[in-house]
Amino acid sequence: MNIAVFASGNGSNFQVLAEKFPNNVKLAFSDHHEAYVLKRAEKLNVPAVSFELKEFINKATYESELVEILEREKIDLVVLAGYMKIIGPTLLKKYGGRIINIHPSFLPNFAGSPHAIEESWEANRGLGVTVHYVDEGVDTGDVIAQVTLPYLENLAEYEQSVHEVEYRLYPDVIEKMICR
Ligand code: GAR
């Protein structure tokens, strides 16, 4: 199974996946040229591509370019790992049912929030991590795996606990998909 990982920034989840599945992770994509994920990809010898929405006339042409690359690279599964854009109809039409996302809250709590860790911690509600299929809504697709986390007094420690769970949960889900 050929996997592309989309990430907008840091890319620590990308790195975990690329190290765990070196034969499957064939491509990293970022919607920001300066994203640190691109440096991680270079170090790990994973081919990487970046382009930005503002370089296209609209989201449909941006996503058409992505579809072309995904098809050329024979990608079977798109893994969103800190990709902070909503997947639009152009990508969904071609890759619907083959795009998964990880969200740092127990969905449906804090769906769509780009600050779900901080917000769930502040509210002491919906603490956890969810992996789900991507549909036309925002963080509304079918849940594949979900973990709840205990509240920790310190936000930085809580954030770390979220990432530790992510680094286990996402590989577990993907391993099952690869073995299916
Ligand atoms: C992760 O915590 C991921 O769950 C979150 O972004 C972080 C990316 O970290 N995703 C979202 O908030 C999606 N709405 P990373 O770039 O170090 O992998």
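# Exposure, loops and a helix pair

Lys74 counts as exposed, at 60% relative accessibility. In the classes used here, buried means under 20% relative accessible area, exposed means over 50%, and partly exposed lies in between, with a 1.4 Å probe and protein chains only. This is a predicted model, in which local features need pLDDT of at least 70 and side-chain atom pairs count only at pLDDT 80 or more, while totals for chains, interfaces and linings use all residues. Residues are numbered from 1 along each chain as its sequence is written, and side-chain values use heavy atoms, with hydrogens and water left out.

**Backbone details in loops**

Lys74 sits in the loop between helix 3 (59-72) and strand 4. Helices (H or I, at least four residues) and strands (E, at least two) are DSSP runs, numbered from the N terminus. The phi of Lys74 is positive, near 55°, in a residue other than glycine. Asp139 is not a glycine either, and its phi is also positive, about 60°. The loop that holds Asp139 runs between strand 6 (128-133) and strand 7 (143-148). A further loop, between strand 5 (99-103) and helix 5 (116-123), contains Pro108. The peptide bond from Leu107 to Pro108 is cis, with omega near 10°.

The table lists accessibility values for some residues of the model.

| Residue | Relative accessible area | Class |
|---|---|---|
| Glu42 | 63% | exposed |
| Met84 | 54% | exposed |
| Ile86 | 48% | partly exposed |
| Asp139 | 15% | buried |

Glu42 belongs to helix 2 (residues 36-43). Glu42 and Lys54 are 12 residues apart in sequence, and their C-alpha atoms are 24 Å apart in space.

**The annotated binding site**

Which residues does UniProt list for "binding site"? The unreviewed entry gives Lys59, Met84, Lys85, Ile86, Ile87 and Asn101. From this set, Met84, Lys85, Ile86, Ile87 and Asn101 are in the lining of the largest pocket. A pocket is found on a 1 Å grid over the protein atoms alone, as an open set of points with protein on both sides within 12 Å along at least five of seven lines; lining residues have an atom within 4 Å of a point. UniProt positions are given in the numbering used here, feature names are shortened, and annotations may be inferred rather than shown by experiment.

Met84 lies in the loop between strand 4 (77-80) and helix 4 (89-95), and Ile86 is in the loop between strand 4 and helix 4. Contact means heavy atoms within 4.5 Å. Leaving aside neighbours within four places in sequence, Met84 contacts Ser8 and Pro114. With residues up to four places away in sequence not counted, Ile86 touches Lys59, Glu63 and Val138.

**Helix 1 and helix 6**

Two packed helices are described by the angle between their axes and the distance between the axes. The axes of helix 1 (residues 12-20) and helix 6 (residues 155-179) come within 10 Å and cross at roughly 45°. The two helices are therefore oblique to each other. Residues making the contact include Val16 and Leu17 of helix 1, and Tyr167, Tyr170 and Ile174 of helix 6.

**The annotated domain**

In an unreviewed entry, UniProt lists residues 1-174 for "domain: Formyl transferase N-terminal". Over residues 1-174 the chain is 38% helix and 20% strand, and the end C-alpha atoms are 10 Å apart.

Technical notes
1 Å grid on protein atoms, 1.4 Å probe; cavity = no way out; pocket = protein on both sides within 12 Å on 5 of 7 lines; lining within 4 Å. Axes fitted to C-alpha atoms, helices over the stretch in contact; angles between N-to-C directions. Parallel < 35°, antiparallel > 145°, perpendicular 65-115°, else oblique.
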